[in-house]
There are 2 protein chains.
Amino acid sequence: MSVEQIESFVAVAESGGLRDAARRLHITLPPLSRRIRALEDELGTELFERRARGMALTPAGHTFLPHARGILAAIALAARSVAADPPAT
Amino acid sequence: MSVEQIESFVAVAESGGLRDAARRLHITLPPLSRRIRALEDELGTELFERRARGMALTPAGHTFLPHARGILAAIALAARSVAADPPAT
DNA sequence: TCAAATTACGGTCGACGTAAGGATC
DNA sequence: GATCCTTACGTCGACCGTAATTTGA
C-alpha cells in the first residue's frame, strides 16, 4: 500500500469517478484505474462499485475512507512536526 | 514520502544503524542509505547523526519517530478494517 | 587498519501515457 | 451513440545490488 494509492482512493471517493479524480491528481485515467485496482487487490476487497456514471463506494470503501483520510493527515502532521520551526517572530 | 521510507526510518532508529536495519528489511545497505537520505531531503531536516559506530537520532528524529510509528500502525489498522471479516465461528 | 556509511554504475522492473477496446445507459 | 472505465503496448525513470570510495576511531 503506497501513499499514492491512498491519495488516489480518497480523490476518487470524493470525485465520484476516475475522470475528475485524475484531473485533480494530474495524471491520466489508466494509471489511476490501475492504482485503485491494485489497492483493491492488496486489500482483497472491492472498494468501489463500477457504475455507468462513475464509481460508488462499497461498504468496505465507506469503512476504509476515514482510515485513508487519517493516514494522509498523519503524514502531513508528521512532516510539519519536523519542519523548520520558525521561532515566534 | 513513501511507506518504505517510513518503515526504513523506524528500522534504522530501532537498530541503531544501517547494517542491522538492512538485514531486518531484507535489502542491502546502499538502497537503505538512499531511502533515509531521500526522506531527510524531503523533510528538509537531518533525522540521524552519522557516527562512527552507527546512526543516532537527532532531535528532529526523536520528534519524528512516534509519528512514523503511528502512521505505520494506522496503515495496518486500515488494512485490517476491510479485511475479510470471518464471521465468529 | 577496521567497521560502517556513501557514491558510482549498470541492469531490471514498475509506472506512466497514448491508443484501442469493452460496457452500460 | 455517448460516456466512462479498462486493457494493450511501448518507453522511460526509479530502485535495487555489486563494487569501489570515503570517513572516522
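Guide: In this predicted model, A:Phe9 is in contact with A:Ile36, A:Leu39, A:Leu47, A:Phe48, A:Leu57, A:Gly61, A:Phe64, A:Leu65 and A:Ala68, leaving aside neighbours within four places in sequence. Contact means heavy atoms within 4.5 Å. Local features need pLDDT of at least 70, and side-chain atom pairs count only at pLDDT 80 or more, whereas totals for chains, interfaces and linings use all residues. Side-chain values use heavy atoms, without hydrogens and water; residues are numbered from 1 along each chain, with chains lettered from A and ligands numbered from 1 as written.

Visitor: How do you know that the two copies are related as by a two-fold rotation axis?

Guide: Chain B can be laid on chain A by a turn of 180 degrees and a shift of 0.0 Å along the axis, with an RMSD of 0.1 Å. The superposition is by least squares on C-alpha atoms of residues with pLDDT of at least 70 in both copies. The copies are thus related as by a two-fold rotation axis.

Visitor: What makes the contact of B:Thr28 with DNA strand D a polar contact?

Guide: A polar contact is a pair of N or O atoms within 3.5 Å. A polar side-chain atom of B:Thr28 lies 2.9 Å from a phosphate oxygen of DNA strand D, so the pair meets that cut-off.

Visitor: Why does A:Arg37 count as well?

Guide: An N or O atom in the side chain of A:Arg37 is 3.3 Å from a phosphate oxygen of DNA strand D, and therefore falls within 3.5 Å.

Conventions:
A polar contact is a pair of N or O atoms within 3.5 Å; within protein, one must be able to donate a hydrogen and the other to accept it, and residues adjacent in sequence count only if both atoms are side-chain atoms.
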